[in-house]
Amino acid sequence: MALRKMEDPSINLKENDGEELDEKLLHSKDEHRKHFEERIKRIEASEKNSQQEEVRPTETINPINKEEKVVHEQSTEKAEGSGEMLNASTETSVEKEPGDRSEDAEKAATPVENITSVIETGKEKKDITKEKKSMSGTGTECAKEESPKQASEVLPTKQATEDKNNLQPNLSNISQVPNSTRKITFPEGFLWGVSTSAYQIEGGNENDWSIWEKEGRRMLKVMERTKNPEEFICGQACDSYNRYEEDFDLALELNNNSFRLGIEWSRVEKNKGIWNVDEIKHYRNVLRAAKKRGLTTVVTLWHWTLPSWLAREGGLISKQLEEKFMRYVEMVIGELGGDIDYWVTLNEPMIAALNAYISKRWPPNKKSILKYRKAIKNLAKVHKASYKMIHDRFPDARVGFSNLTNFIEPKHKWLITDRIVAAIFESMWNKWFINKTIDQVDYIGMSYYFHDRVISYPPFVKNDNNETTDMGWEIYPAGIYHVLKQLAKYKKPIMIIENGIADAEDKHRSKFIKDHLENVHKAILEGVEVIGYFHWSLLDNFEWDSGYGPKFGLYKVDRKTFERTPRPSAAVYAQICKENAVEI
Ligand code: BGC
């Protein structure tokens, strides 16, 4: 790839970011945990007195209110990147300041082979192409420290290792306490986290979605549904662009050892071929802030949004997609790769293609089977090429993508037509992308939200819907078990990258989490290699074409002040993550 020098050589990314970050870390992990636990204890005590507890007797933790709030000063940095630019066609590298980053990032600070430093000339260029990425600080330690377990309950486990073998859970660690209150424990080193995406929480992004949201035709449609069309424009989202440290602190309150976040391509390459240095630096700070808190980073490279220049050139069906995406991946590898523990190249490619090119719900609102197929093929190519490029640089990298995997079954098992249609749906929806890419994944990333009881005539899905989320989606925890069992046949570790519920009143969330985890545990006991669970989501965020209506957050977000307030289920999830176990 041809490299050119950045137009303005005065740009200098050397800053004492690390020290600044240290200072900004007002709340250490331990302090946070202590603080959160104290809050929970206080609330437990007061709720006990008032006898207003609603949770089942076997549960050990009570709902919490936001009694105290941690006030964080909002950064004066603006959310929109208007910073200095690098020319992407020449690629970028960012000079490091000694001691200004974590060890992993140090290794990655020198850009990938072929990428020349464009910040300052004459700097030494290390050959790092053969360096291995260290996976230290993956959060395993965190789980070990924070999961005091009854001696009888936990059998000896092997030490988590840095290599891929570590992905195999140690089943000897899993046990059950046969009692009226059953406690199920998860494998040591299990990843507990929350899942987020850049566009849905950052705010201030400009891309194909932000343009589409404000289009006249779309606005007219929105106004048929609501008097408040602002609710359907992403805008400042949760202001996480400025509050990412606060978000990571919340993850520590939840006793998480991992965090899934996204990089917004349109931020770092807002204009075609020009890297935005400030935004790259921003993501480096974000990743380092996560690592400094001991969080394992699970990083999504593409979560549905595209730079507007690429959307104009055809977006997902553009012939240029692979080349442009690979240029972006190369930049991420070189500039940020050292702080990425798990790579999620693509988020749920099948639903993205479906809603863009069949259902017309999302930009560019087209209806064409050919385009749909082209988009999926393009995305599969992009994933494979990314896998190779990431592994060329980091041989031990853990690379996957996220697959929206539904539990699909025939409504009437005795009816051959239902069975055939269910089998077709399953192979088209759950398996197509995985089958295409299985040799290029180190783990299978899956999200589970849907149960589909299939019939052989429109609307093809007829669920019982005894209990539903605020989105009207059936709550069906057993489905996650079946999906895990189906995925087990690929013989790869499985990460539950998303599972969550829109539940504004938090009536179902605690039970939802426990019931799903009980089913995950059942699959693990039967030998399925599940390495982590990421709840969708930390915050109430921008739910795509449904706007801000659906509330998926363990924490509420005030739409004006962006203040985060835990819902009662946050304490339940925190307890689970702390104990690496669920009481059911
Ligand atoms: C997506 C998220 C979305 C969630 C809830 C997932 O499939 O990755 O972006 O918010 O579903 O709809």
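This tour moves through the charged patch, the aromatic pairs and the salt bridges of the structure above.

The model is predicted: local features require a pLDDT of at least 70 and side-chain atom pairs a pLDDT of 80 or more, while totals for chains, interfaces and linings use all residues. Residues are numbered from 1 along each chain as its sequence is written, and side-chain values use heavy atoms, with hydrogens and water left out.

**Stop 1: the positive patch**

Select K319, R373, K374, K377, K381, K384 and K436, which gather on the surface in a patch of positive charge. Patch members have over 30% relative accessible area and no salt bridge, and like charges are joined within 9 Å. Lys and Arg count as positive, each charge being placed at NZ of Lys or CZ of Arg. Accessible areas come from the Shrake-Rupley method with a 1.4 Å probe.

Next, display helix α14 (residues 369-393), which supplies the largest share of the patch, 5 residues. Helices are DSSP runs (H or I) of at least four residues, and strands (E) of at least two. K384 is found in this helix and is partly exposed, at 31% relative accessible area; buried means under 20%, exposed over 50%, and partly exposed in between.

**Stop 2: aromatic pairs**

Rings of Phe, Tyr and Trp (its six-membered ring) pair if their centres lie within 6.5 Å; planes under 30 degrees apart count as stacked, over 60 as edge-to-face and the rest as tilted. By this rule there are 31 aromatic pairs. Select F186 and F190, a tilted pair with 5.0 Å centre to centre and 50° between the planes. F186 is buried at 0%, and F190 is buried at 1%.

Move to W343 and F394, another tilted pair, at 6.3 Å and 35°. W343 lies in strand β7 (residues 342-347) and F394 in the loop between α14 and β8 (398-404), so the pair ties together parts 51 residues apart in sequence. Both residues are buried.

Then select Y199, W209, W212, W304, W362, F542, W544 and Y548, which ring pairs link into a cluster.

**Stop 3: salt bridges**

A salt bridge places a side-chain nitrogen of Lys or Arg within 4 Å of a carboxyl oxygen of Asp or Glu; the structure holds 28. Select R243 and D239, whose closest N and O atoms are 2.9 Å apart. R243 is buried at 11%, and D239 is buried at 0%.

Finally, select K507 and E505, a salt bridge with closest N and O atoms 3.9 Å apart; both residues are exposed. Salt bridges that share partners also join E409, K411, K413, R453 and D464 into one network.

Key:
Patch = residues over 30% accessible without salt bridge, like charges linked within 9 Å, V, L, I, M, F, W, Y side chains within 5 Å. Buried < 20%, exposed > 50% of the residue type's maximum accessible area, 1.4 Å probe, protein only.
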